[in-house]
Amino acid sequence: MGFIGSGYIGSALARLAIEAGHRVVLSNSRGPETLADTVADLGPRASAATSGEAAAAGDIVVVTVPVKATVTEFIESIGYGVVDAGPLADSWRQATGTPVWGTPYGPYSNEKGRPVD
Ligand SMILES: NC(=O)c1ccc[n+]([C@@H]2O[C@H](COP(=O)([O-])OP(=O)(O)OC[C@H]3O[C@@H](n4cnc5c(N)ncnc54)[C@H](OP(=O)(O)O)[C@@H]3O)[C@@H](O)[C@H]2O)c1
């Protein structure tokens, strides 16, 4: 199993996978050398690599990274700003038909927006 993200969740899953007989390849954002203690703790069925190598190594790839930061970075990289609208329990605040819905595509003068082609 390849792990992208080896924090609380990733390392706990890796331990369970090892106990079930799997080999694991861990990775994080800072590089494999920073996972030396974790790998030593998990034993000989564990190793560390870059995220790309971990993804390639596993028949199963587990991604346990802080999603909000990763998604925010991606959305900003394609030219949009991210507004945190709160947790799922607060999603009623942005229900269809309420003012929080802005113009998704096209100029702001077009209140209905323009569908994607
Ligand atoms: N912990 C919980 O109880 C819990 C419960 C439910 C859900 N979750 C969710 O599960 C996910 C993981 O939580 P966690 O507690 O395991 O987080 P964590 O302990 O902070 O670990 C995050 C891991 O992701 C790595 N990472 C971050 N950005 C990366 C990138 N771009 N490429 C590769 N690796 C990257 C970090 O590496 P570096 O340290 O090198 O940056 C670290 O190993 C989060 O989305 C969290 O919201 C956690």
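Two residues are in contact if their C-beta atoms, placed from the backbone, lie within 7 Å. By that rule Thr 50 touches Ser 27 and Pro 32, residues up to four places away in sequence not being counted.

The model is predicted: local features need pLDDT of at least 70, side-chain atom pairs count only at pLDDT 80 or more, and totals for chains, interfaces and linings use all residues. Residues are numbered from 1 along each chain as its sequence is written.

## Fold

The protein chain has four helices and four strands. Helices (H or I, at least four residues) and strands (E, at least two) are DSSP runs, numbered from the N terminus. The elements run β-α-β-α-β-α-β-α from the N terminus on. Of contacts between residues at least 6 apart in sequence, 42% join residues at least 24 apart.

Burial goes by neighbour count. A residue is buried if 20 or more other C-beta atoms lie within 10 Å of its own, exposed if 12 or fewer, and partly exposed in between; C-beta atoms are placed from the backbone. Of the 117 residues of the protein chain, 19% count as buried.

Four strands form an open sheet with the order 3-2-1-4 and parallel pairing. Strand 3 (46–48) and strand 4 (61–63) stand at the edges with a single partner strand each, so one side of each has no neighbour in the sheet. Neighbouring strands are turned by 20° against each other on average, direction ignored. Two strands pair if DSSP finds at least two bridges between them.

Strand 1 (residues 2–4) pairs with strand 4 in the parallel sense over three bridges. Here Phe 3 stands opposite Val 62 in strand 4. Strand 1 and strand 2 also pair in the parallel sense, over three bridges. Ile 4 stands opposite Ser 27 in strand 2.

Which residues of strand 2 point one way, and which the other? Val 24 and Leu 26 point one way, Val 25 and Ser 27 the other way, and all are buried.

Helix 1 lies across strand 1, strand 2 (24–27), strand 3 and strand 4. Helix 1 runs at about 170° to strand 2. Axes are lines fitted to C-alpha atoms, for helices over the stretch in contact, and angles run from 0 to 180 degrees between N-to-C directions.

## Core

A nonpolar core is a set of buried Ala, Val, Leu, Ile, Met, Phe, Trp, Tyr and Cys residues joined through C-beta atoms within 7 Å. The largest has 14 residues. Those with the most contacts inside this core are Phe 3, Ala 14, Val 24, Leu 26, Val 39 and Ala 46. Strand 1, helix 1, strand 2, helix 2 (36–42) and strand 3 each give two or more residues to this core. Strand 2 gives the most, with three residues.

Val 24 is in contact with Met 1, Phe 3, Ala 14, Ala 17, Ile 18, Arg 45 and Ala 46, leaving aside neighbours within four places in sequence. Ala 46 lies in strand 3. Ala 46 is buried, because 23 other C-beta atoms lie within 10 Å. With the sequence neighbours up to four places away left out, Ala 46 touches Ala 14, Ile 18, Val 24, Leu 26 and Val 39.

## Two loop residues

Thr 50 is found in the loop between strand 3 and helix 3 (51–57). Thr 50 has 14 other C-beta atoms within 10 Å, so Thr 50 is partly exposed. Pro 32 sits in the loop between strand 2 and helix 2. Pro 32 has 19 C-beta neighbours inside 10 Å and therefore counts as partly exposed. Beyond four places in sequence, Pro 32 is in contact with Ser 27, Ala 48, Ala 49 and Thr 50.

| Pair | Apart in sequence | C-alpha to C-alpha |
|---|---|---|
| Ala 46 and Ala 14 | 32 residues | 8.2 Å |
| Thr 50 and Val 25 | 25 residues | 9.1 Å |
| Pro 32 and Ala 49 | 17 residues | 4.8 Å |

## Ligand shell

A residue is near a molecule or strand if its C-beta atom, placed from the backbone, lies within 6 Å of it. Of the 17 residues around the ligand, Gly 5, Gly 7, Ile 9, Asn 28 and Ser 29 come nearest. Helix 1 (8–19) and helix 4 (67–77) each supply at least two residues of the shell. Helix 1 gives the largest share, three residues.

Helix 4 is hardly covered: the count of buried residues among its eleven residues is zero. Gly 79 follows helix 4, with a positive phi near 95°.
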